[in-house]
Amino acid sequence: MDVKKTVCMWCHNHCKVEVHVRDGRLEKIEGDKTHLAAPLLARVVKSCPRAGAAAEWFHHPERLNYPLKRAGEKGEGKWDRISWEQALDEISERLRKVRDEYGAEALAFTRGTYRNPREFTARFFNLFGSPNVIGGAGNVCWAPANVIACALMGSPANQPLIVPGKTRSILFIGTNPAQSKTKFWLNTLDSIRQGAKLIVVDPRRTQAAERADKFLQLRPGTDTALLMSMIEVIIREELYDKEFVSRWCHGFDELRKRAKEYPPDRVERITLVPAEDIVEASRIFATQKPATCYSHMGIEQLTNGIQALHARFILPAITGNLDITGGQFFHGFLPLMSEVDMEMQEALSSEQRGKMLRSPEQIFSWKAYELIQENVKRVWSGSLPANPHCHAHGPITYRAMLTGKPYPVRAAITMAANPLITQANTKMVYRGLKSLDLYVVMDFFMTPSAQIADYVLPAASWLERSHLGPEFEVPYLEAGEAAFSAADEGDNDRRTDYDFWRGLGLRLGQEEYWPWKDIEAAYDHRLAPMGYTLKQFITETGGSLRINPEEKKYEQRGFGTPTGKVELYSTILEKLGFDPLPNYEEPPESPVSTPELAKEYPLILITGGRFLPMYHSEWRQVDSFRRLHPDPVMQIHPQKAAELGIEDGDWVWIETVRGRVRQKSQYFAGISPGVVHAEHGWWFPELPGEEPWLHGMWESNINVVTDDAPEHCNKMSGGWPLRAELCKVYRVKTYV
Ligand code: SF4
């Protein structure tokens, strides 16, 4: 038996694990027994269905093993097996042609959630000369919170670091960690057992809401109003931390004035949350300290999401909960050659930066990045990587592919992503990608997106490559070794994304910038300023190093913002031309903003809530998971379902102005009668891959009906509204 220590990248818990390998087969995965958080890791990994199905995934007969080249028409499902050398030669030649004919900006990149190294992608793109790395899911997942936290506080701060026995109150907004963040969830349950209070803001009575002392079930999309009302109560009742506010906060008087616009009785009418519940939740959060707050996609995927995030960060700040154990801890940046150095941002000229397909003032623009970065750098030894905090806007880029406006985008590379399933407005994404001169996908399995590519390349998974990176949301730098080599796994030629970018770089005149022959050598280089090689780091630290562990680091450093304080009133947002304080706006589609539309489409559709055992659009080909969760599910209140003649378990059409898809109804009394929730990420690997099937992508994929119209996206971030759109639902007729 061989036991290899590494980091599981199958979800954003990023567990430090031990992989047990016997005779070339993956036997089991366990939590790392030598990690500082070993007892917690043991529980997380033991309860994780994905870790339990690791061998089924890893040795799956449908894994991609060799590079494939399209043999027939796009989407015809005909492929030739080719060598990596041929693939890299041909792709680089075609990229050169695109660059010569249309300019470097005609190449785009789209990724999924962050589970592979970002810095090598950025290095290739900066050297190639294209600013059009699309944030992909990042535009509406994690990156908004990170960027807005950096703008307001000079550090990423979405990591609650719930400490059982220490944390006294926890506020979850638009997140259900029971399905998505097991580490946080187990710590939350332990904290509750030790007397902590839990407040949950969500339109659905989730597992987290079931355990809450206060559950604020709001109308979808109204989070900013609710959070501003909590701020109003805390200020009016003088529950804020006066000393911290006067010493460390900028713009409190302006905030006080703005908050007055959100008294609980007015906000009750907006959110449908009783005013007394808002008051009570505010009192709990402000008085039970340390208090911590965690928000996620539930608010990041709103048109008003950045404003909600702004308010969400104000709450722990004015209550004096920043950078304390059990509160809103800052882990700052890594003390090693940072991702920024590896990215080679300097290689991208200002002329090319100016061509990034995004509104130039938004928080993910180069202008915003530079404003944030100069302050972050002043305070921390490391810096905010540009990728993905500065990236092209997906909806604008897909439109540029299709229309050639504002300039042509003619080639794209997708890595570890399935944009036909995971990006809003599938029809637009499909037409955009299908129109390209060159489309390359690198992934683990065939997907609907890969089916319309020109080249499909087999990726090495986290089990087959080394790892180095920050633990996602707690302060550890972690490293791991490959548990398998291609040779162990038999006859395949899967490669790392590093190999891919370097392979292209060597063929496109970037030779001098890729001196490291493999990913281990590149990580050795990154660790050199800390005096380690990758191997030494793993041996000497066990592969985990706690970074920036001190509390209240701001007392020595100040905050990495223009004023050196927490900017309740954001001078950076003001400079970018946005409202410097949070303000509520109705969703672009709602019974209030579009009452005429609501007559035809009377229900509010939420999409994107996470559900185990799946992870976004992944794991659909794992049989044991499909037996557990065979079909896509739409939650509906039983009373509303009865009104509509829908039985529990009926297939129903979910229709918006953009089209319709079908999912199976599930009665759920924890959702308001005016709201439905549809699962995301659905496609069916068992259905044919060729067009028109594309693995059943048009059947139940909720993004066929979601909205990505640039005018409906968040004006500060470009985020599209997945959590509050209008729809109607009705039974699918069946004839027997
Ligand atoms: S919780 Fe996520 S990171 Fe941890 S073992 Fe399971 S899939 Fe891997």
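**Entry 1: the nonpolar cores**

A nonpolar core is a set of buried Ala, Val, Leu, Ile, Met, Phe, Trp, Tyr and Cys residues joined through side-chain atoms within 4.5 Å. I note at the outset that the model I examined is predicted. I looked up the largest nonpolar core and found that it holds 124 residues. The members that touch the most others are Leu171, Ile231, Leu255, Ile318, Leu433, Val566 and Leu568.

I then asked which residues Ile231 touches, leaving out those up to four places away in sequence. They are Leu255, Ala259, Ala311, Ile314, Leu315 and Ile318. A second, separate core has 82 residues, including Trp84, Leu107, Phe109 and Leu504. In soluble globular proteins, nonpolar side chains tend to be buried together.

**Entry 2: the sheet**

I next traced an open sheet of 7 strands, whose order is E5-E4-E15-E14-E13-E6-E7 and whose pairing is mixed.

Strands E13 (residues 411-415) and E14 (residues 438-443) run parallel and are joined by 5 bridges. Here I located Met415, which stands opposite Met442 in E14.

**Entry 3: helices on the sheet**

I recorded that helix H25 (residues 497-507) packs on the sheet and touches E6, E13, E14 and strand E15 (455-458). The direction of H25 makes about 155 degrees with that of E13. Helix H5 (residues 119-128) lies across strand E6 (107-111) and E7, and runs at about 170 degrees to E6.

**Entry 4: the ligand**

Which residues surround the ligand? I listed Cys8, Trp10, Cys11, Asn13, His14, Cys15, Val44, Cys48 and Arg50. By class, this shell has 6 nonpolar, 2 polar and 1 charged residues.

Conventions:
Residues are numbered from 1 along each chain as its sequence is written. This is a predicted model: local features need pLDDT of at least 70, side-chain atom pairs count only at pLDDT 80 or more; totals for chains, interfaces and linings use all residues. Side-chain values use heavy atoms; hydrogens and water are left out. Buried means under 20% relative accessible area, exposed over 50%, partly exposed in between (1.4 Å probe, protein chains only). Contact means heavy atoms within 4.5 Å. Two strands pair if DSSP finds at least two bridges between them. Helices (H or I, at least four residues) and strands (E, at least two) are DSSP runs, numbered from the N terminus. Axes are lines fitted to C-alpha atoms, for helices over the stretch in contact, and angles run from 0 to 180 degrees between N-to-C directions. A residue is near a molecule or strand if one of its heavy atoms lies within 4 Å of it. Ala, Val, Leu, Ile, Met, Phe, Trp, Tyr, Cys and Pro count as nonpolar, Asp, Glu, Lys and Arg as charged, and the others, Gly among them, as polar.
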